[in-house]
Amino acid sequence: LYTAAGLIMGAALAIIIILITAKIQNKLLSTEDIKNNFNIDIIATVSDIKNKKKGDRSRLLITDRNVGLPFIETFKLIRTKIENANHKKGFTVFAITSSTESEGKTTCSSNIALSLAKSGKSVLLIDADLRKPAVCKTLGISLEDEKGIYDIVNGMSVEYGTRALNG
């Protein structure tokens, strides 16, 4: 009798611990979790592209044919959804951000900008990463001077900011 009661109590305790752990676990496992927890719409998801060489951090741009059609079509879909949001709601500024590095912010923002530019839209892409700006390197743009967004915002490089906006 005591063995059966102990077994039932142990199973009940295990189930209670599992339920409590699942309830307090604070992870987002899918796009549905993001939609439900934050009440926001997801424009699109970009699949993870594995480079053939380990440690290869080459750029992935929609202008390169070797990235594959699904990758290119994903950014065309994002472009279309951004254009619709602009048309319906008047949105003209979009931010791409994350809390950690190497999550694809530069790749996504560069490809969205390229996709919008290829469709004839005017695009201003601002790399506001103060520690490791990478948009110029990703797009293959060389800078004569090493001035960045910090210098432009603080007025230390007005001519560079004007040249960047006009060029």
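**A close look at one serine and the core**

Modeller: Let's start with serine 115, which touches Ile62, Phe75, Lys76 and Arg79, leaving aside residues up to four places away in sequence. Keep in mind that this is a predicted model. Serine 115 sits in helix H4, and with a relative accessible area of 1% it counts as buried, because the cut-off for that is under 20%.

Two of those partners, Ile62 and Phe75, turn up again in the largest nonpolar core. That core has 11 residues in all: Leu60, Ile62, Val67, Phe71, Ile72, Phe75, Ile78, Ile82, Cys108, Ile112 and Leu116.

For a view from inside the core, take isoleucine 82. Again skipping residues up to four places away in sequence, isoleucine 82 touches Ile43, Phe94, Ile112 and Leu116. Ile112 and Leu116 are core members too.

Now zoom out. The protein has 7 helices and 0 strands, so by element it simply reads α-α-α-α-α-α-α from the N terminus on. Buried residues account for 16% of its 167 residues. Of the contacts between residues at least 6 apart in sequence, 47% link residues at least 24 apart.

Notes. Residues numbered from 1 in each chain as written. Predicted model: local features only at pLDDT ≥ 70, side-chain atom pairs only at ≥ 80, totals over all residues. Heavy atoms only, no water. Core = buried A, V, L, I, M, F, W, Y, C linked by side-chain atoms within 4.5 Å. Buried < 20%, exposed > 50% of the residue type's maximum accessible area, 1.4 Å probe, protein only. Contact = heavy atoms within 4.5 Å. Helix = DSSP H or I, 4+ residues; strand = E, 2+ residues; numbered from the N terminus.
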